[in-house]
Amino acid sequence: MADRLRARELFEELGERLELRWLAGQRGGERVLERGEHLSRRPSLAGYLNVIHPNKVQIIGSAELSWLDGLDARTRWEVLQKVMESRPLAMVITQNQGCPADLRDAVEESDTPLWVSPRRGYELLNLLQYHLARSLAPRVTLHGVFMEIYSIGVLITGDSGLGKSELALELISRGHRLVADDAPEFTQIAPDVLDGTCPDLLQDLLEVRGLGVMNIRQMFGDTAVKKNKYLRLVVHLVRAQEPSLEAMARITGESGSRKVLDLEVPVVELPVAAGRNLAVLAEAAVRLHLLRSKGMDPAAAFLARHSEFLQQGEPS
């Protein structure tokens, strides 16, 4: 995932899966698609041949070739020139169909990569759209430890020295899984989905003060790590301060939200103090979040019960 994607990189990443062959326009391998370019000037990253609103990857199926064959020579050449002027990242012919000579000439003259695949058009469209959207999606790197706790993605944050890595190690020993330590990367792959992954350099590693860098996969097995997870909750560690929490905060807990890219992610604050079992508290925070996501809030239920009790006690 990066800010830009070159045609040659796309071919290398999907060439084997889509059985692509580079037919013509090899000089266009360095043609670049910038992140966000499709949002401001293009309606689609990939799609069937479109002259009015050109796609960045133009898919040419049997219907498109038949349509081109139905044009007179002058109109056909004008259409091909207009397509090349839109500077697509690449063009792909489906089902190993033959390439018309004038199309080959046009892509060679404009240095436009032309590929051919035995796959059907809808297969190419689905895979290209998914891969391009994911590769160019907005992303951010956050400081913390990203874990899977009770099947949801939880980012543990807090100031240095508060014990984020120690908490992660305790959670791993309790059967939860590590995704990334120190610098997890989050990509917004859908309007309401943040996918968190680990940089290749830090894969499977966790650094704990006094113990150094540990390979969690080697120490705890393959089930102790996970490649990626959707971010659903942030557990933020804070130093315990005096005076203690206000009465309402003691009932509802310290919670809020944090904006990550375009999404508001729920945040639960856990004060760190001697004698507190942070692993148990983190697990409880996740369980509470799961309850709230189902519409069940124990604090709200208690306040409603308390209000009802006060009303019953009032004299008539």
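This tour moves through the structure one selection at a time.

**Before you start**

This is a predicted model, in which local features need pLDDT of at least 70, side-chain atom pairs count only at pLDDT 80 or more, and totals for chains, interfaces and linings use all residues. Residues are numbered from 1 along each chain as its sequence is written, and side-chain values use heavy atoms, with hydrogens and water left out.

**Stop 1**

Now pick Gly158. This glycine sits in strand β10, residues 152-158. Helices (H or I, at least four residues) and strands (E, at least two) are DSSP runs, numbered from the N terminus. Is Gly158 buried or exposed? Gly158 is buried, at 12% relative accessible area. Buried means under 20% relative accessible area, exposed over 50%, and partly exposed in between (1.4 Å probe, protein chains only). Show the contacts of Gly158, leaving out residues up to four places away in sequence: they are His143, Lys164, His236 and Leu237. Contact means heavy atoms within 4.5 Å.

Step to Asp159. This aspartate lies in the loop between β10 and α7 (164-173). Asp159 is partly exposed, with 49% relative accessibility. With residues up to four places away left out again, Asp159 touches Lys164, Leu237 and Arg239.

**Stop 2: the nonpolar cores**

Select Met147, Leu167, Leu171, Leu206 and Ile216. These have the most contacts inside the largest nonpolar core, which has 29 residues. A nonpolar core is a set of buried Ala, Val, Leu, Ile, Met, Phe, Trp, Tyr and Cys residues joined through side-chain atoms within 4.5 Å. Which elements give two or more residues to this core? They are β9 (144-149), β10, α7, β14 (205-208), β16 (228-239), β18 (263-272) and α10 (278-293).

Zoom in on Met147. Beyond its neighbours within four places in sequence, Met147 contacts residues including Ile152, Ala168, Leu171, His176 and Val179. Another core lies apart from the largest one and has 22 residues, among them Leu18, Trp22, Trp115 and Leu136.

**Stop 3: two helices**

Color α7 and α10. Their axes are 9 Å apart and the helices pack at an angle of about 75°. Axes are lines fitted to C-alpha atoms, for helices over the stretch in contact, and angles run from 0 to 180 degrees between N-to-C directions. The two helices are therefore roughly perpendicular. Angles under 35 degrees count as roughly parallel, over 145 as roughly antiparallel, 65 to 115 as roughly perpendicular and the rest as oblique. Show the side chains where they meet: Leu167, Glu170 and Leu171 in α7 face Leu278, Ala279, Ala282 and Glu283 in α10.

**Stop 4: salt bridges**

How many salt bridges are there? The count is 16. A salt bridge is a side-chain nitrogen of Lys or Arg within 4 Å of a carboxyl oxygen of Asp or Glu.

Select Arg174 and Glu283. Their closest N and O atoms are 2.9 Å apart, in a salt bridge. Arg174 is in the loop between α7 and β11 (177-182) and Glu283 is in helix α10, so the pair ties together parts 109 residues apart in sequence. Arg174 is partly exposed at 37%, whereas Glu283 is buried at 8%.

Finish with Arg6, Arg8, Glu9 and Glu30. Salt bridges with shared partners join these four into one network. Within it, Arg6 pairs with Glu9 at 4.0 Å between the closest N and O atoms.
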